[in-house]
Amino acid sequence: MSTTSFTKKTLGSLGFDTVEPAVTPPPPPAPGSTATSFAKKPKVGSTKSRKREIPEGLWTKCPKCSTMVFDKELDENLKVCPKCAHHFPIGARERIHSLVETCTFEESDADMTSVDILGFKGVGSYASKLESHKKNTGLKDAVITGIGKIGEHRVALGVMDFSFLGGSMGSVVGEKLTRLIEKATEKNLPLIIISTSGGARMYEGMFSLMQMAKTCGALAYHAEAKLPYISVLTHPTTAGVMASYASVGDLIIAEPQAMIGFAGPRVIKDTTQADLPPGFQTAEFLLDRGLIDAIVSRKDMKQQLIDYISFMTVNRTAAVG
Ligand SMILES: [Zn+2]
């Protein structure tokens, strides 16, 4: 293979893209002109940038070690760089597939969709953003919930997906998770929620913020029933999600290097007028200070969850089988 025939995809960086743009097509550049080339900021959660006349989807450049990784190898490695173990974003369905036993996952509330209750208008309407994210991600909203088996354990599992509106928590995310938690309590099941989120969904105003109390209320009943809840924090888990269900697990674990926090570092720096320490808001920083209990790499996640649930349900046979 010639060295020029691969696609360079750089996550989170600016891409030069004139091939089938996902949103608002720019005017085409004049033939032979270089002056009309432009840099387009990728959408939040977008993982692709493409180069003209080069087939896409073959290689991805690791943003940490700059290694070009063959996409197939990256997929087989659960989206973890084989050289430096950088954890790339992974979709909710891929993650569920990596954790639960084959054909055991029964999804709940799969057709629940968000409503533009406030008639939100801004740069784009909420309704149009919902439509485009549904189309681009194949998801109905930013979380998938259901019951499945991990090892021998039946668990209630909720997995968020950052590619849907930045994993923001609106009414649907809150309602699906609350129903999942209530089902877990009713069926005596351990609960695992894997979070990734930019926070509350501002298009829904107060309806979004009230999900924080609602999910935590349901979690309190789950805790009262002495059932375990493991919260898994992945990059990034911030704001309203971190300030509610993601931070109240019996066990809180995180993926390596995940950014975890409430407000962003710039806001905190401006407010406190203090220099922030190195590594601020990373999983490693928070492990040192006791906010989280363990850092678990994605490749070890399934076995670790099995071990944790075995330990936490040692006297509860209902969770097994
Ligand atoms: Zn790497």
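Two residues are in contact if their C-beta atoms, placed from the backbone, lie within 7 Å. The structure shown is a predicted model, in which local features need pLDDT of at least 70 and side-chain atom pairs count only at pLDDT 80 or more, while totals for chains, interfaces and linings use all residues. Residues are numbered from 1 along each chain as its sequence is written.

**View 1. The chain as a whole.** The chain has nine helices and ten strands, where helices (H or I, at least four residues) and strands (E, at least two) are DSSP runs numbered from the N terminus. Of its 321 residues, 36% are buried; a residue is called buried if 20 or more other C-beta atoms lie within 10 Å of its own, exposed if 12 or fewer, and partly exposed in between, with C-beta atoms placed from the backbone. Among the contacts between residues at least 6 apart in sequence, 70% join residues that are at least 24 apart.

**View 2. Helix H2 and its buried side.** Helix H2 covers residues 92–99, and its buried residues are Ala92, Arg95 and Leu99. Why do they lie on the same side of H2? They cover an arc of only 65° around the axis, which puts them on the same side of the helix, the arc being that of the directions from the helix axis to the C-beta atoms. An α-helix has 3.6 residues a turn, so residues three or four places apart point the same way. The buried residues of H2 pack against strand E4 (143–150), strand E5 (153–160), strand E6 (191–197) and helix H9 (298–312).

**View 3. The largest nonpolar core.** A nonpolar core is a set of buried Ala, Val, Leu, Ile, Met, Phe, Trp, Tyr and Cys residues joined through C-beta atoms within 7 Å. The largest one here has 51 residues, and those with the most contacts inside it are Val155, Leu191, Ile192, Leu233 and Leu305. Helix H4 (residues 171–186) gives the most to this core, with six residues. When neighbours within four places in sequence are left aside, Leu191 is in contact with Val155, Ala156, Ile181, Ala184, His222, Leu227 and Tyr229. In soluble globular proteins, nonpolar side chains tend to be buried together.

**View 4. Helices H4 and H5 side by side.** H4 packs with helix H5 (residues 205–224) at an angle of about 5°, and their axes are 9 Å apart; axes are lines fitted to C-alpha atoms, for helices over the stretch in contact, and angles run from 0 to 180 degrees between N-to-C directions. That makes H4 roughly parallel to H5, since angles under 35 degrees count as roughly parallel, over 145 as roughly antiparallel, 65 to 115 as roughly perpendicular and the rest as oblique. Residues of H4 including Leu177, Ile181 and Ala184 meet residues of H5, among them Ala218, Leu219 and His222. The residues of this contact divide into eight nonpolar, eight polar and two charged, where Ala, Val, Leu, Ile, Met, Phe, Trp, Tyr, Cys and Pro count as nonpolar, Asp, Glu, Lys and Arg as charged, and the others, Gly among them, as polar.

View 5. Thr238 is buried, because 24 other C-beta atoms lie within 10 Å. Not counting residues up to four places away in sequence, Thr238 touches Ser197, Gly198, Gly199, Gly261 and Phe262. The C-alpha atoms of Thr238 and Gly264 are separated by 8.1 Å, although these residues are 26 apart along the chain.

**View 6. Two lysines with positive phi.** Most residues other than glycine have a negative phi, and most peptide bonds are trans. Lys79, in the loop between helix H1 (71–76) and H2, has a positive phi of about 60°. Lys226, in the loop between H5 and E7, has a positive phi near 60°. Are these lysines buried or exposed? Lys79 is buried, with 21 other C-beta atoms within 10 Å, whereas Lys226 counts as exposed, with 11 C-beta neighbours inside 10 Å.

**View 7. Gly279 and Glu284.** Gly279 is found in the loop between helix H7 (265–272) and helix H8 (283–288), and counts as exposed because it has 12 C-beta neighbours inside 10 Å. Glu284 has its place in H8 and counts as partly exposed, with 13 such neighbours inside 10 Å. Leaving aside neighbours within four places in sequence, Glu284 is in contact with Gly279 and Ile295.
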